[in-house]
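Biologist: Please show me the model, and let us examine on what grounds its features are named.

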Amino acid sequence: MNQSLIGLDRVDMTYATASGPVEALAGISLSVGGGEFVSLVGPSGCGKSTLLRIVAGLRPATLGTVMVAGRAVRDPIPDVGMVFQAPNLLRWRTILQNVLLPAELAGKEVGNLRLRAHELLDMAGLHGFADKLPRELSGGMQQRAALCRALLLDPPLLLMDEPFGALDAMTRDDMGLELLRIWGERDLAREARKTVLFVTHSIAEAVFLSDRVVVMTARPGRIAADVTVDLPRPRTVELRASEAFGRLSLLISRTLTGRAHAVL
Amino acid sequence: MTKFTLASRQYWPTIVLFAILLASWQIAVSFGGIREYLLPSPLAVWNALWFGDTNWAQHVWITTLEIIGAFVLAAVAGIALGVAIAWSPLMANALVPFLVFVNTLPKVAVAPLFLIWMGYGIFPNMLMGALIGFFPVVINTAVGLTQIEPDMLDLGRVFNAPKWKIFVKIRLPNALPYILSALKITATAAVVGAIVGEFVASQRGLGYVIVTTQSSMNTSVAFAALIWISVVGLLLYGAVVLAARLWAPWAEGAE
Ligand SMILES: Nc1ncnc2c1ncn2[C@@H]1O[C@H](COP(=O)(O)OP(=O)(O)O)[C@@H](O)[C@H]1O
Ligand SMILES: [Mg+2]
């Protein structure tokens, strides 16, 4: 196992709301190695988005420690690509300008990244949409543009919150394969790959993409199971029909519905 | 050409209605025995506009200057105050109750004070227009800067942008449609303010012209002045609408 890049130790998160405290996460301990692709699945409202925000340093955990790349997280961490649950594109910017936003915000030379932005848009099937406004694109296309934005600066860590949630099944599979390619599944040694923390509500997607699938319980979110996906890489579409794929999916599905013991 | 055809197709009922009103008005005055000093005929107003001895160029110029001055003052002060309120809670706590109080004052009642403090001139009238028109700009600027999806601000933080950059690249553009729609209100308020200012104290300007017609019973001139005021007001309003379309085309239909 690689050295851990993300480490959460007994993390609790309680939101103070007008109607009283809302306990979103309880006692989350999780370690993600450098170059690992880890998915989070769990019922909606169980704190998956909250967990990503805490790792990104956008919200402080109520209790527990969070480490990323050997440093305790207190403020937004550097060198991370984040895909929010909503596309979250700036509506006054064209798609290209949205994709280039990270460079502008980080004070980097934008000119050099134009070509890369166009390449990313082509990869995401958004060729010809560079100069459109977000409202001129469908939800799924907006989501893909948001993915391009997260990838622009080629960050070593990707935090992705249901990035393919609004895509139709076929585009979704294509984007998954594309993500694995960008991650470096085929051409990079494990250590050179990006580290990905990927939230999804699709068990099949989680199994197909990940090295590990972390299953969470309903609120307050706890870790119900941490399932290693020992399927061969590079993953192929045929793999989905395999017995091993089915067995893992069933295991995760039963854990989610609280009937894990029936299988184990 | 197509655009023109489209526009005429949309507006012909308005134009027809206007023509009918104008004609009935003319007929009512000519044949109905209404005296000219009560209601001048459209023709009399037309004559006052083009053939009378009122120096329209000068009066229109003065009033236009006051209106534009009022508008610019209100916009600049309103945006500055709105930014201050949105930027720091301390400023918000200090300024908001004060501004609300100022806004509840009947501003027209302050006009005579402006005369005492600043005497005759175009500046007090600009100030009156600005005073009437600045408040919506303050509110909309502050609201536009703060009513923003938290995710959008997080976007800035994820990419480690400094606070000022988040302000310039995310908050300010987000506020632009709010500000522009307040400026439409301000455009109207600036006209009212300038004219009210002229009513109270002035020696030139369209408001002054209207006041003088009271004693001379020269009602057609008052009507002509009204037409000039609405022309200037409409032009300013149109300019703001045009600016909104140019600067924030992405907000079309979202007001
Ligand atoms: N900013 C917030 N303020 C208050 N409660 C919140 C906030 N964000 C999330 N929550 C609550 O925390 C719980 C977990 O939310 P979230 O992390 O979005 O779940 P998930 O992404 O798994 O659907 C939910 O009950 C949600 O209502
Ligand atoms: Mg979520």
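Modeller: In this predicted model, about 2200 Å² is buried between chain A and chain B, and carbon and sulfur atoms give 60% of that area. On the side of chain A, A:R91, A:W92 and A:L105 supply 33% of the area buried against chain B, more than any other three residues.

Biologist: Which residue numbers from each chain make up the contact, and how many are there?

Modeller: Chain A gives 26 residues and chain B gives 19 residues.

Biologist: What makes the meeting of the side chains of B:D154 and A:R59 a salt bridge?

Modeller: The N to O distance is 3.3 Å. The cut-off for a side-chain nitrogen of Arg and a carboxyl oxygen of Asp is 4 Å, so the pair qualifies. The count between the two chains is 4 salt bridges, and 9 residue pairs are in polar contact, both residues at pLDDT 80 or more.

Biologist: Which helix of chain A supplies the largest share of the side that touches chain B?

Modeller: That share, 4 residues, comes from α2(A). By class, this side of chain A has 15 nonpolar, 3 polar and 8 charged residues.

Biologist: Why are α2(B) and α10(B) called roughly perpendicular?

Modeller: Their axes cross at roughly 70 degrees and come within 8 Å. Angles of 65 to 115 degrees count as roughly perpendicular, and α2(B) and α10(B) are therefore described in that way. In their contact, B:A44, B:V45, B:A48 and B:L49 of α2(B) meet residues of α10(B), including B:F223 and B:W228.

Methods. Residues numbered from 1 in each chain as written. Chains lettered and ligands numbered in written order. Heavy atoms only, no water. Contact = heavy atoms within 4.5 Å. Buried area = accessible area lost by both parts, 1.4 Å probe. Polar contact = N/O pair within 3.5 Å; in protein donor to acceptor, adjacent residues only side chain to side chain. Helix = DSSP H or I, 4+ residues; strand = E, 2+ residues; numbered from the N terminus. Nonpolar A, V, L, I, M, F, W, Y, C, P; charged D, E, K, R; others polar. Axes fitted to C-alpha atoms, helices over the stretch in contact; angles between N-to-C directions. Parallel < 35°, antiparallel > 145°, perpendicular 65-115°, else oblique.
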